[in-house]
Amino acid sequence: MKKEYNIEGLNPRKNPYSNRLKKQVTINIDNDTIDYFKSQSEKSGLPYQTLINLYLADCAAKQRELDLTWR
């Protein structure tokens, strides 16, 4: 390792992921739902929080409408 680095000489590129920054929120989710995503997490190898985010992002991207009819 170098004793000193020239920080000013680094490439001042913008963060390419800055438009996809995440915001931490608190949300109440049923235990059964969390257990489902945790089991999916074990199968896929992805953290369950990531799976939940991916699912919700997919819903938002496809502009899925909620169907709140009770049977």
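How much space lies in the second largest pocket? About 180 Å³. The views below come from a predicted model.

**View 1. Lining of the second largest pocket.** Tyr17, Arg20, Leu21, Lys22, Thr50, Asn53, Leu54 and Ala57 line this pocket. By class, the lining residues split into 4 nonpolar, 2 polar and 2 charged. The volume is about 180 Å³.

**View 2. The largest pocket and the residues nearest its centre.** The volume here is about 580 Å³. The lining counts 18 residues. Ile27, Ile29, Ile52, Asn53 and Leu56 lie nearest the centre. Two elements, α1 and α2 (48-61), each give two or more residues to this lining. The most comes from α2, with 7 residues. In the lining of the largest pocket, 9 residues are nonpolar, 6 polar and 3 charged.

View 3. Asn53 is among the residues nearest the centre of the largest pocket. Asn53 also lines the second largest pocket.

**View 4. Ser41 in helix α1.** The helix spans residues 31-44. Ser41 counts as buried because its relative accessibility is 16%, under the 20% limit. Its side chain reaches the backbone oxygen of Leu46 at 2.4 Å.

**View 5. Contacts of Ser41 beyond its sequence neighbours.** Neighbours within four places in sequence are left aside. Ser41 then is in contact with Leu46, Pro47, Tyr48 and Leu51. For Leu46, the backbone oxygen is what the Ser41 side chain reaches.

Notes. Residues numbered from 1 in each chain as written. Predicted model: local features only at pLDDT ≥ 70, side-chain atom pairs only at ≥ 80, totals over all residues. Heavy atoms only, no water. Helix = DSSP H or I, 4+ residues; strand = E, 2+ residues; numbered from the N terminus. Buried < 20%, exposed > 50% of the residue type's maximum accessible area, 1.4 Å probe, protein only. Polar contact = N/O pair within 3.5 Å; in protein donor to acceptor, adjacent residues only side chain to side chain. Contact = heavy atoms within 4.5 Å. 1 Å grid on protein atoms, 1.4 Å probe; cavity = no way out; pocket = protein on both sides within 12 Å on 5 of 7 lines; lining within 4 Å. Points joined across faces, edges and corners; volume = space filled by probe spheres on them. Nonpolar A, V, L, I, M, F, W, Y, C, P; charged D, E, K, R; others polar.
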